[in-house]
Amino acid sequence: MQLYRERVESKLLSLLSSRANIASHLNEAMQYSLLNGGKRLRPILVYQACKLLCGTLEQADNAACAIEAIHSYSLVHDDLPAMDDDDLRRGKPTCHIKFDEATAILAGDALLTLAFELLSCDDSLQSPDIKLKMVQTLATASGDLGMVDGQAFDLGSVGKALTLEEMQSMHGAKTGALIRAALRLGALASNNATPDSLTALDQYGVAIGLAFQIQDDILDIEGSTEQLGKPQGSDLERDKPTYPALMGLEASKAWLEELVEQANDALSSFGEQATPLREIAQFIISRSS
Ligand code: GRG
């Protein structure tokens, strides 16, 4: 994971350093948001899925950068006063606190569009058809049929009692869609994806996406502000619906174990080659930040 984290960070740094904006604070705000820590889970999934299907890391580079650009944009906008109104992200002042609100909106916009520029100008991809499928994958996962839809539902449900089904749909869109897209992007980039391998990776993605969100909710209770890099207890304070609140802490933890089993089962056809993805599933439920 460390290897891939460093790889995507160095690609992102050289990409942003090479862009000549006339507004220097825009580039600064983009760099601040993209390069200020973070686990880089989504790019790591892109690399692992591509490698699993015998693709090279070069083939996965642009998709890895693109998905992290989308993720970073979503965090910048999520932190804005009109949304979650947060001051702290990854242990540092959020983008609109460090710069200003307009700059944070624009930096988010620029990161979002950068992602599609990266996918569409990727020369390492073998066919225009694959490129197009990757653009579609990322657009659908991040737009109004994916992450943006989940965010809109989330903002509309503060203080409301949700059913387990509603929570799963919300998180499936808000957090899960991008995680599944990361795996699909990596698989497509390898140029060796088959319908079966895409289905298996998607089933794995559904399980780890949900596990990621449940662990996030648990960390809001059991983690520390220092480790999390954002205020601990913020879900509780905002009366946000969470899995531990709905089903209890112990049942949530038991569910995590079941989801890791489901994730591992989904990978059975890949054998030993999928060990890194199995380790990532375990990492997701044992992470402390
Ligand atoms: C603004 C369109 C729009 C969407 C925002 C992802 C999201 C949607 C909001 C983030 C709110 C949040 C804390 C969700 C919980 C799960 C999550 C995505 C956590 C942050 O992702 P990590 O833990 O972050 O991968 P790092 O910092 O490691 O990159």
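Let me begin with Asn191, which has a relative accessibility of 33% and therefore counts as partly exposed, where buried means under 20% relative accessible area, exposed means over 50%, and partly exposed is in between, all with a 1.4 Å probe and with protein chains only. Before I go further, a word on conventions: this is a predicted model, in which local features need pLDDT of at least 70 and side-chain atom pairs count only at pLDDT 80 or more, while totals for chains, interfaces and linings use all residues. Residues are numbered from 1 along each chain as its sequence is written, and side-chain values use heavy atoms, with hydrogens and water left out.

Asn191 sits in the loop between helix 9 and helix 10, the latter covering residues 195-222; helices here are DSSP runs of H or I with at least four residues, strands are runs of E with at least two, and both are numbered from the N terminus. What draws my attention to Asn191 is its positive phi of about 70 degrees, although it is not a glycine. As a reminder, most residues other than glycine have a negative phi. Arg40 is another such case, with a positive phi of about 60 degrees and again not a glycine, and it is found in the loop between helix 2 and helix 3 (41-52). Is Arg40 buried or exposed? At 2% relative accessibility, Arg40 counts as buried.

Now to the overall picture. The protein chain has 15 helices and 2 strands. Its radius of gyration, taken over C-alpha atoms, is 18 Å, close to the 19 Å that the globule rule gives for 289 residues, so the chain is as compact as a globular protein of that length; the rule itself is 2.2 Å times the number of residues to the power 0.38. Along the principal axes, the C-alpha atoms fill a box of roughly 50 × 50 × 30 Å, and 52% of the 289 residues count as buried. Among the contacts with a separation of 6 or more, 72% are accounted for by residues 24 or more positions apart, a contact being heavy atoms within 4.5 Å.

Which residues touch the most other members of the largest nonpolar core? That core is a set of buried Ala, Val, Leu, Ile, Met, Phe, Trp, Tyr and Cys residues joined through side-chain atoms within 4.5 Å; it has 85 residues, and those with the most core neighbours are Leu45, Met134, Leu138, Leu201, Tyr204 and Leu277. Helix 9, residues 164-189, gives the most to this core, with 12 residues. Leu138, leaving aside its neighbours within four places in sequence, is in contact with Ala66, Ile67, Ile70, Ala115, Phe116, Leu119, Leu178 and Leu185.

Val135 is found in helix 7, residues 128-142, and at 24% relative accessibility it counts as partly exposed. The C-alpha atoms of Val135 and Leu178, 43 residues apart along the chain, are separated by 13 Å.

Helix 14, residues 249-266, holds Ala263, and Ala266 lies in helix 14 as well. Ala263 counts as buried at 0% relative accessibility, and Ala266 counts as buried at 11%. Not counting residues up to four places away in sequence, Ala263 is in contact with Tyr204, Ala207, Ile208 and Ala281, while Ala266 touches Ala200, Gln203 and Tyr204, so that Tyr204 is in both lists. Ala266 and Thr199 are 67 residues apart in sequence and 8.8 Å apart in space, C-alpha to C-alpha.

The buried residues of helix 2 (residues 24-34) are Leu26, Asn27, Ala29, Met30, Tyr32, Ser33 and Leu34, and they pack against helix 1 (2-17), helix 4 (57-78), strand 2 (92-93), helix 5 (95-98) and helix 6 (101-120). Lys11, which lies in helix 1, counts as partly exposed at 32% relative accessibility, and, with residues up to four places away in sequence not counted, Lys11 touches Asp61 and Cys65.
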